[in-house]
Amino acid sequence: MLQIDHISKSFPAGRGRRTMVLDDIVLNVDEGQSVGLVGESGSGKSTIIRCALGLTRPDSGRVSYSGIDVQRSSRFDTLRFRRDVQLVFQDPYASLNPRMTVEELVGEGLLVHKLETTAAGRRARVVEMLAMVGLGEEALARYPRSFSGGQRQRIAIARAVVIRPKLLICDEPVSALDVSVQAQVINLLQDMQKQLSLGILFVAHDLAVVRHLCTTVAVLERGRIVEHGTREQVFDTPQHAYTRALLKAVPIPDPVVGRARRAERQAAP
Amino acid sequence: MTLVLPTAAPRRKANFTAYELTVFGVVAALFLLALIGPMIAPADIYTSNMLETLFPPSAEHWLGTDDQGRDIFWRLVAGSRLSLFATVLVVILYSIIGMIVATLATVGPRWVDELLMRITDIGLSLPGLVVSLGIATVLGPSLQSGIIALALTGWPMTARILRTTMRRTMEQPFVEGARILGVSRTRLMLKHVLPNSLDVLIVKWAGDISFTMLILAGLSFIGVGAQPPSPEWGAMISGARGYMSIAWWAVAAPGAAIVINAVAFALLADILQVRRDPSLQA
Amino acid sequence: MGVDTILTDGIVPAQLRQRPEALLQVDQLSIDIATRDANVRLVDNVSFGIGRGERVALVGESGSGKSVTAQALMRLNSRVKLSGRVQFDGKDLLSLSNSQMAAMRGQRMGMVFQDPMSSLDPLMTIGDQVAETLRIRGVSKREARQRALDVLDELKVERAAERLDSFPHEFSGGMRQRVVLAMALVGEPDLLIADEPTTALDVRVQERVLDLLDEISRRRSLAVLLITHDLGIVAGFADRVMVMYSGRIVEENEATLLFAEPQHPYTRGLLEAVPRADITVDRLRSIAGAPPAPGARPSGCTFHPRCDHAMAMCSSVEPGETITPLGARVRCHLYGAG
């Protein structure tokens with residue numbers, strides 16, 4: 001469905017030099033598949049997202065959606081692409097227009113893509129969608145500021161999913177949330193994926209969340225995918241040294257494991 | 001699973017201080033006066049009464065009379081609509097021009113932005129008062145000319161401030177999100193970018209009213225704005241300056257009216273500024 | 001609770017265990033802030049102790065009051081009203097004068113924050129910044145510089161001698177956090193308060209910083225109060241863990257026991273809600289709702305609207321402190337009755 005085909009991207013770094021941000025990235029997301037992309041800060045995660053959404057043009061290679069090049073598509077194809085591929089942002093405080101009500105926010109996609117042309121039809125779809133993300137009808141007339149971070153992220157997911165996209169790109173969707181709320185949003189994404197056979201490209205620094213949500217995982221190190229395989233391959237038998245180092249460093253909420261690891265590290269030179 | 005929403009987060013109650021309430025009250029009173037002033041003023045303020053010329057302030061004529069024997073207090077009351085509404089009209093007109101320029105600069109291709117901003121720069125570097133004087137003279141001296149002249153020279157600052165803010169708003173994730181959702185450019189601007197950029201102007205508006213009122217009175221005073229016998233305050237000062245040495249009140253009263261209005265709106269601007277950014281609080 | 005319980009469980013309750021000599025003792029600390037509208041209680045009657053050389057973690061979500069508590073111990077936030085007692089090495093911190101407190105901060109207690117850049121002066125060299133607390137105390141320039149160098153070496157900053165004269169922007173995030181640690185440690189404090197010290201860092205850097213902290217704490221027998229939202233980093237680091245929810249400490253126990261046998265429904269919920277990188281589970285158990293804002297706390301037990309085990313009394317009666325047979329100090333009605 002989404003094909004990221006050998007894309008590279010560099011940015012000017014002053015004095016005529018350029019920094020390579022993405023180096024020959026290949027990544028596919030098929031229908032209903034959940035793909036995780038793990039990387040630390042500065043690994044090029046956000047540039048991949050921007051390229052995948054057609055917001056940034058790669059220097060070489062191409063990104064295509066259902067066979068159509070997202071950079072060179074006609075107006076008609078662009079509109080379809082905008083309907084089929086949606087994004088959930090990291091920061092639920094900045095990703096919702098503060099001056100729109102929940103009804104307007106969630107209904108906007110229906111309006112823009114002319115999926116529901118009457119206000120009553122839109123409202124019915126919005127209410128249905130809100131119920132799916134666990135919010136009641138009383139939310140309709142309220143503004144984002146009266147919701148908690150977790151609730152805002154639900155609204156953001158509802159806004160993205162209401163137009164029934166085929167692919168949902170998630171950019172660190174839980175990292176800004178309270179620990180006790182993260183699980184709610186992770187479970188919601190999992191439910192959405194199953195119920196709507198939604199493809200998910202889940203981009204995060206948190207290996208634990210990726211392991212939980214994604215069946216295919218790619219590991220990004222400084223603009224290069226160093227490991228790519230099924231969840232079990234990547235987490236249980238990592239091949240690349242970088243993946244192993246990351247996995248060893250992820251904190252595990254178990255003091256026995258934690259102490260054993262520290263002892264191991266201190267024994268090593 | 002339906003989540004129980006916490007009882008609606010209490011909307012921040014705006015607790016105003018006595019000082020703030022006073023300023024709001026004065027501004028509201030000034031608007032109210034402008035609205036009803038001409039209706040409550042007696043009709044004889046437009047006609048001469050040669051028996052009562054240049055009376056000093058007294059119980060009968062609180063602020064005295066002018067050289068035509070007209071009651072200055074009631075002329076001020078009647079003229080407040082002209083002065084304040086003309087000022088507000090100027091600010092509205094140039095804000096609209098500024099918004100259009102800023103929106104085009106934000107949404108348009110780079111060269112449009114460059115072009116509009118260079119024009120704005122030129123507008124900013126010209127002395128506004130002199131240019132509006134010229135425009136008003138060309139259009140023929142009248143209050144309308146003054147309004148048009150100030151509207152045509154006042155917009156560059158609004159355009160520049162708004163364009164900077166709109167550029168910043170454009171970078172907000174929710175704007176990016178709207179683009180990803182497939183929202184059209186027009187809708188993007190009108191629904192997402194502009195409403196979230198206007199905050200910055202609210203403070204400016206109050207200050208602008210204060211400033212524009214002075215300038216507009218200035219134009220009338222110089223003689224290219226409202227013309228005597230109009231009770232527009234600048235025109236009143238202008239008309240009275242000839243006999244200022246024998247009837248100071250005829251100049252002082254409209255002058256004071258202008259100052260009171262200007263100060264009230266300047267204080268309002270100050271309050272709004274602090275409200276927007278509490279760190280400015282002394 | 002009788003002695004027989006102790007024997008049958010084979011685990012010694014916390015209050016009977018050998019505890020290191022108390023360094024910090026906090027009794028019934030409450031923190032209030034006056035807002036425009038009302039007086040809001042940020043932290044409600046919190047009591048705990050930290051022994052010499054002990055590593056204690058204070059875990060909580062946003063609005064739980066964990067950072068405010070840390071700042072209160074250092075008396076860093078002058079806008080809040082503190083009540084209760086905070087004793088540090090026998091001295092009552094809340095009754096010290098501002099200058100006495102400033103001296104305490106430089107010499108006996110150190111603190112690091114999440115964002116290292118905000119603690120660093122961009123226009124001052126690393127060496128000068130690390131040495132500053134010593135210079136204030138009247139240590140000679142040469143000696144201060146030497147000691148700054150020593151502590152940077154101790155924190156394994158490579159080529160520390162050369163880098164004394166560089167500026168913060170020349171350092172990576174992890175290195176900056178080490179510099180900030182060096183600033184806090186150069187005065188050889190007895191207690192280090194670390195507020196989310198690794199939250200902004202990547203996992204490998206985070207692990208490195210925590211290892212260093214672990215090493216130094218053991219070598220110097222430095223007590224550490226680690227404030228964090230991340231149960232994962234706590235597990236490998238802390239001897240003892242306190243869980244804070246909505247302004248109160250709801251559970252406290254030895255780290256091993258707290259993770260193995262969480263008692264409070266909130267602690268249990270948190271542990272089950274966090275995905276793990278080492279095992280695959282089908283579905284996470286989530287805690288419904290969101291933590292309350294400090295100004296809008298539910299009555300009774302503040303966790304009751306989100307709690308699976310809530311009983312009638314939970315919404316009206318605030319649970320007191322109970323010590324369970326496993327040694328946990330818990331505030332929950334499930335344990336109060338027995």
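**Exercise 1: a sheet in chain A**

In what sense, parallel or antiparallel, do strand S3 (residues 34-39) of chain A and strand S8 (residues 199-204) of chain A pair, and over how many bridges?

Solution. Keep in mind that you're looking at a predicted model.
- Start with the pair itself: S3 and S8 of chain A run in the parallel sense, with 5 bridges.
- Now zoom out: the open sheet has 6 strands, in the order S6-S7-S8-S3-S9-S10 of chain A, and its pairing is mixed.
- Look at the ends next. Strand S6 (85-88) and strand S10 (224-230) of chain A are the edges; each has a single partner strand, so one side of each has no neighbour in the sheet.
- Going from one strand to the next, the twist averages 15°.

As background, strands in a sheet pair through backbone hydrogen bonds, and the pairing can be parallel or antiparallel.

**Exercise 2: the overall build of chain A**

Work out how the radius of gyration of chain A sits against the globule rule.

Solution. 
- Count the elements: chain A has 10 helices and 10 strands.
- Apply the rule: 269 residues give 18 Å, and chain A comes out close to that at 20 Å, so it is as compact as a globular protein of that length.
- Box it in: along the principal axes, the C-alpha atoms of chain A fill roughly 70 × 45 × 35 Å.
- Check burial: 48% of the 269 residues in chain A are buried.
- Finish with contacts: of those in chain A between residues at least 6 apart in sequence, 65% join residues at least 24 apart.

**Exercise 3: now chain C**

Solution. 
- The secondary structure of chain C comes to 13 helices and 12 strands.
- A compact globule with 338 residues would be near 20 Å; chain C has 21 Å, which agrees.
- The C-alpha trace of chain C spans about 65 × 50 × 45 Å along its principal axes.
- Buried residues account for 45% of the 338 in chain C.

**Exercise 4: a helix in chain C**

Is helix H2 (residues 66-74) of chain C mostly covered or mostly open?

Solution. 
- H2(C) is mostly covered, with 7 of its 9 residues buried.
- Among the buried ones are Lys66(C), Gln71(C) and Leu73(C).
- Step just past H2(C) and you reach Arg75(C), which has a positive phi of about 50°.

**Exercise 5: where chain B meets chain A**

Describe the chain B side of the contact with chain A.

Solution. 
- 17 residues of chain B are in contact with 25 residues of chain A.
- Helix H6 (residues 173-181) of chain B gives the largest share of the chain B side, 5 residues.
- That side splits into 11 nonpolar, 6 polar and no charged residues.

Note on methods
Residues are numbered from 1 along each chain as its sequence is written. Chains are lettered from A and ligands numbered from 1 in the order in which they are written. This is a predicted model: local features need pLDDT of at least 70, side-chain atom pairs count only at pLDDT 80 or more; totals for chains, interfaces and linings use all residues. Two residues are in contact if their C-beta atoms, placed from the backbone, lie within 7 Å. Helices (H or I, at least four residues) and strands (E, at least two) are DSSP runs, numbered from the N terminus. Ala, Val, Leu, Ile, Met, Phe, Trp, Tyr, Cys and Pro count as nonpolar, Asp, Glu, Lys and Arg as charged, and the others, Gly among them, as polar. A residue is buried if 20 or more other C-beta atoms lie within 10 Å of its own, exposed if 12 or fewer, and partly exposed in between; C-beta atoms are placed from the backbone. The radius of gyration is taken over C-alpha atoms; the globule rule is 2.2 Å times the number of residues to the power 0.38. Two strands pair if DSSP finds at least two bridges between them. Axes are lines fitted to C-alpha atoms, for helices over the stretch in contact, and angles run from 0 to 180 degrees between N-to-C directions.
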